[in-house]
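Open the model in your viewer and keep the selection panel at hand. Each stop below says what to select and what to look for there.

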Amino acid sequence: MKVILRNPRREIEIEGRRRVHGLLAELGLPRESHLVIRNGTLVPGDEELDKDDVIEIRPVISGGM
Amino acid sequence: MKCRTCRGPAIIDLPRHNANFCAEHFLQMCRRQVEKAIHDHQMLNKSDRILVAVSGGKDSLAVWDMLIDLGYQADGLYVALGIGEYSEESRGYTERFADERGLKLTVVSLRDDYGYDIPTASRATGRVPCSACGMSKRHLFDKAAIDGGYDVVVTGHNLDDEAAVLFGNALRWDVEYLARQLPVLPSRHGFPKKVKPLIRLSEREMAAWCVVRGIDYIVDECPIAAGNKHIGFKEALNVLEDKSPGTKASYYLGFLDRMAPVLAGIAASGADSVTPCMRCGAPTGGEEGSVCAFCRLVERSVAHEPVSVELILKKSRSQKRAQSEVAQS
């Protein structure tokens with residue numbers, strides 16, 4: 001599957017299927033500070049992602065006050 | 001995963017609520033949390049004229065959207081900070097949001113209206129950029145609210161923001177800052193009332209609100225803020241949250257319930273020595289006839305030649321490299 005990461009924006013390819021939690025853990029990204037989006041829709045942690053999916057992993061931490 | 005409310009397919013899991021929600025009931029949960037914050041802390045009335053401080057980021061656009069959704073009258077104020085492409089993009093997101101919904105947005109430009117920008121102010125005054133930025137925005141939000149006859153300024157500070165600030169203040173045992181870290185600052189001495197309706201919602205929930213509601217916002221982080229201490233505090237708290245969901249809410253909301261009342265006397269005792277700035281008339285903490293920090297910043301920044309974002313970033317990177325080398329030696 002194609003995975004789009006942000007800050008900075010980049011794309012990586014992941015082979016095979018994954019659950020959302022598994023994908024985040026594999027990439028070392030904390031669940032509390034990221035959303036996973038497929039085709040513009042949020043997907044929860046136990047959702048299985050298909051090998052042909054395009055996934056955005058969006059960080060949610062902002063630093064300005 | 002199924003929605004806790006309707007048992008339909010969930011779109012988000014929220015460990016701190018030990019629950020999952022579909023889109024409809026996730027939005028309902030968010031609205032209820034905002035209504036509870038507004039009610040419990042007497043933040044807003046439906047007749048108030050509200051000015052929302054908007055940045056183009058998820059929190060400020062979400063809070064503006066929510067207030068309109070809940071039936072409040074709210075206009076927006078955007079301050080163009082002059083942080084290169086980041087500022088141009090964030091302004092675009094803000095203007096599109098307002099245009100698409102027919103909302104009133106006022107834009108104040110530091111460069112066009114005051115003759116400086118944040119990179120230049122940082123270099124000219126020796127302040128860290130986030131300090132120059134925060135001080136400029138606070139002054140301009142206050143001024144716009146007073147000049148425009150607004151009853152209250154709304155900011156998009158969320159649970160993560162407040163928990164991180166609380167963590168920083170507690171690490172330093174800065175008792176005065178702790179005493180003043182409240183979700184409502186009442187109108188007094190020429191300052192407008194300021195409120196934070198998102199204190200019961202996390203950063204992840206606010207980003208999710210925007211995705212579900214179709215709100216485009218600037219996802220990229222401010223290039224100057226990236227890696228600052230505030231973000232480090234958030235990351236540290238998220239490590240605890242991951243191991244024990246609900247930690248951030250219990251830390252900050254517990255502070256409001258049980259610690260803030262203990263500190264109330266300190267907050268009241270430090271708030272009365274205010275005089276008008278001799279240049280702009282804004283309230284300032286100095287002696288009679290003094291000039292406020294904003295006017296001093298403008299004076300020094302305007303006299304300085306413009307500084308690019310890249311120069312500030314280069315300096316920041318070289319400082320971090322030097323700190324890293326010292327730590328390793």
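**Stop 1: two crossing helices in chain B**

This is a predicted model. Select helix 5 (residues 118-125) and helix 12 (residues 293-302) of chain B. Their axes are 8 Å apart, and the packing angle is about 95 degrees. Angles of 65 to 115 degrees count as roughly perpendicular, so helix 5 of chain B is roughly perpendicular to helix 12 of chain B.

Now show side chains. From helix 5 of chain B, the contact uses B:Thr120, B:Ala121, B:Ala124 and B:Thr125. Helix 12 of chain B answers with B:Leu297, B:Arg300 and B:Ser301. By class, these contact residues are three nonpolar, three polar and one charged.

Stay on helix 5 of chain B. Among the buried residues are B:Ile118, B:Pro119, B:Ser122 and B:Arg123. Step just past the end of helix 5 of chain B to B:Gly126, where phi is positive, at about 80 degrees.

**Stop 2: the sheet of chain B**

Colour the strands of chain B. Six of them form an open sheet in the order 5-4-3-6-8-7, with mixed pairing. Strand 5 and strand 7 (184-185) of chain B are the edge strands, and each pairs on one side only.

Select strand 3 (residues 49-54) and strand 4 (residues 73-80) of chain B. They pair in the parallel sense over six bridges. The chain leaves strand 3 of chain B, passes through helix 2 (residues 58-69) of chain B and reaches strand 4 of chain B in a right-handed β-α-β crossover.

Move on to strand 5 (residues 105-109) of chain B, which runs parallel to strand 4 of chain B and is joined to it by five bridges. Here B:Val79 stands opposite B:Val108. The link from strand 4 to strand 5 of chain B goes through helix 3 (residues 84-101) of chain B, and this β-α-β crossover is also right-handed.

Return to strand 3 of chain B. Strand 6 (residues 152-154) of chain B pairs with it in the parallel sense, over three bridges. B:Val52 has B:Val154 as its bridge partner. Bring back helix 2 of chain B, which lies across strand 3, strand 4 and strand 6 of chain B. Relative to strand 3 of chain B, helix 2 runs at about 155 degrees.

**Stop 3: the sheet of chain A**

Switch to chain A. Five strands make an open sheet in the order 2-1-7-4-5, and the pairing is mixed. Strand 2 (10-13) and strand 5 (41-42) of chain A stand at the edges. Each has a single partner strand, so one side of each lacks a neighbour in the sheet.

Select strand 4 (residues 34-38) and strand 7 (residues 54-59) of chain A: they run antiparallel, joined by five bridges. A:Arg38 has A:Ile55 of strand 7 as its bridge partner.

**Stop 4: where the chains meet**

Show both chains. Which helix of chain B lies across strand 4, strand 5 and strand 7 of chain A? Helix 9 (residues 203-213) of chain B does, at about 20 degrees to strand 4 of chain A.

Conventions:
Residues numbered from 1 in each chain as written. Chains lettered and ligands numbered in written order. Predicted model: local features only at pLDDT ≥ 70, side-chain atom pairs only at ≥ 80, totals over all residues. Axes fitted to C-alpha atoms, helices over the stretch in contact; angles between N-to-C directions. Helix = DSSP H or I, 4+ residues; strand = E, 2+ residues; numbered from the N terminus. Parallel < 35°, antiparallel > 145°, perpendicular 65-115°, else oblique. Contact = placed C-beta atoms within 7 Å. Nonpolar A, V, L, I, M, F, W, Y, C, P; charged D, E, K, R; others polar. Pairing = 2+ DSSP bridges. Buried ≥ 20, exposed ≤ 12 C-beta atoms within 10 Å, placed from the backbone. Right-handed = clockwise from strand over helix to strand, strands pointing away.
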